[in-house]
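Dear colleague,

Please find below the structure I promised to hand over, with the sequence alongside. My notes on what was found in it follow directly after.

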Amino acid sequence: MKTTGGGEEAKRRAGERAAELAEDGEVVGLGTGSTAAHAIRALGRRVEDGLEIRGIPTSYGSADLAREAGIELATLDDALPDLAIDGADQVAGFDLIKGGGAAHTREKLVDGAADRLVIVADPSKEGKTLDRPVPLEVLPSARRPVAEAIEGLGGEPALRAAERKDGPVVTDNGNLVLDCDFGRIDEPADLAGDLASIPGALEHGLFVGLADAVFVGTEEGVEERRR
Ligand code: 5RP
């Protein structure tokens, strides 16, 4: 699974703490990324010890990991998640930028459908305001008009390039990703609304008002913030 850096121990602590929240009979949304992966592995260990849950993955990566961990898989057609555990690329309060693993469309579907969403992160993700480029999943045929719309909003779009393949990243849904740099984002809800209204832009990585708790792993333990 892709890692975006940050302290691995801090990620592990946050992920493992969040995995303790799952209860017998629950459906759990399984996020994508190296921090969520710690939660998935920890859930797998709890399943080995008798916990009965089903997991709804947010990517091919999290589905594979969950299968390896022995977690029964489900879809949103089967049930809505009681709990979702997911990572983030940047956290300001309870607002997030996600999509570093190009999985934000399914992540938003699963995380948004969950009764409670717990975000797991290491301290490098925390900031006072959001200012990282916002990933935007875009239909391949809409790349140019969407890029022009982003420029119209004052952003700088960059097509995400693949690392071990020539050409662009292609998402699990067969689309492209534009990383859109808006500098400091003072009003994330307003920008989220603008991005959501661009034809051909399937989903953006701004998660505003979705997280119920943020667990940040530290050197010593886990800082838990709840709404
Ligand atoms: C994937 C995501 C990830 O949750 C985000 O990139 C954080 O990843 P990591 O835990 O590896 O730092 O949004 O689309």
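In helix 5, which spans residues 143-152, the buried residues are V146, A147 and I150, where buried means under 20% relative accessible area, exposed means over 50% and partly exposed is in between, with a 1.4 Å probe and protein chains only. Seen down the axis of helix 5, these buried residues fall within an arc of 100°, so they line one face of the helix; the arc is that of the directions from the helix axis to the C-beta atoms. An α-helix has 3.6 residues a turn, so residues three or four places apart point the same way. The face of helix 5 turned away from the buried side carries the exposed residues R144 and G152. The cover over the buried residues of helix 5 includes strand 8 (134-138), strand 9 (156-159), strand 10 (176-181), helix 6 (188-196) and strand 11 (201-204), and G154, which follows helix 5, has a positive phi near 90°.

Please keep in mind that this is a predicted model, in which local features need pLDDT of at least 70 and side-chain atom pairs count only at pLDDT 80 or more, while totals for chains, interfaces and linings use all residues. Residues are numbered from 1 along each chain as its sequence is written, and side-chain values use heavy atoms, with hydrogens and water left out.

As for the chain as a whole, the protein chain has six helices and 14 strands; helices (H or I, at least four residues) and strands (E, at least two) are DSSP runs numbered from the N terminus. For 227 residues a compact globule would have a radius of gyration near 17 Å, and the protein chain agrees with this at 17 Å; the radius is taken over C-alpha atoms, and the globule rule is 2.2 Å times the number of residues to the power 0.38. Along the principal axes, the C-alpha atoms fill a box of roughly 55 × 35 × 30 Å. Of the 227 residues, 50% count as buried. Among contacts (heavy atoms within 4.5 Å) between residues at least 6 apart in sequence, 75% join residues at least 24 apart.

T171, in the loop between strand 9 and strand 10, counts as buried at 6% relative accessibility, and, leaving aside neighbours within four places in sequence, T171 is in contact with A102, E137, L176 and V177. S141, in the loop between strand 8 and helix 5, counts as exposed at 69% relative accessibility; S141 and L176 are 35 residues apart in sequence and 9.4 Å apart in space, C-alpha to C-alpha. G112 is found in helix 4 (residues 104-113) and is partly exposed, with a relative accessible area of 41%. With neighbours within four places in sequence left aside, G112 is in contact with E107 and L210, whereas G112 and Y60 are 19 Å apart in space, C-alpha to C-alpha, and 52 residues apart in sequence.

Finally, on the aromatic rings, the charged end of K98 sits over the ring of F207, at 5.6 Å from its centre, and R225 lies over the face of F94, at 5.7 Å from the ring centre. A charge sits over a ring if NZ of Lys or CZ of Arg is within 6 Å of the ring centre and within 35 degrees of the ring normal.
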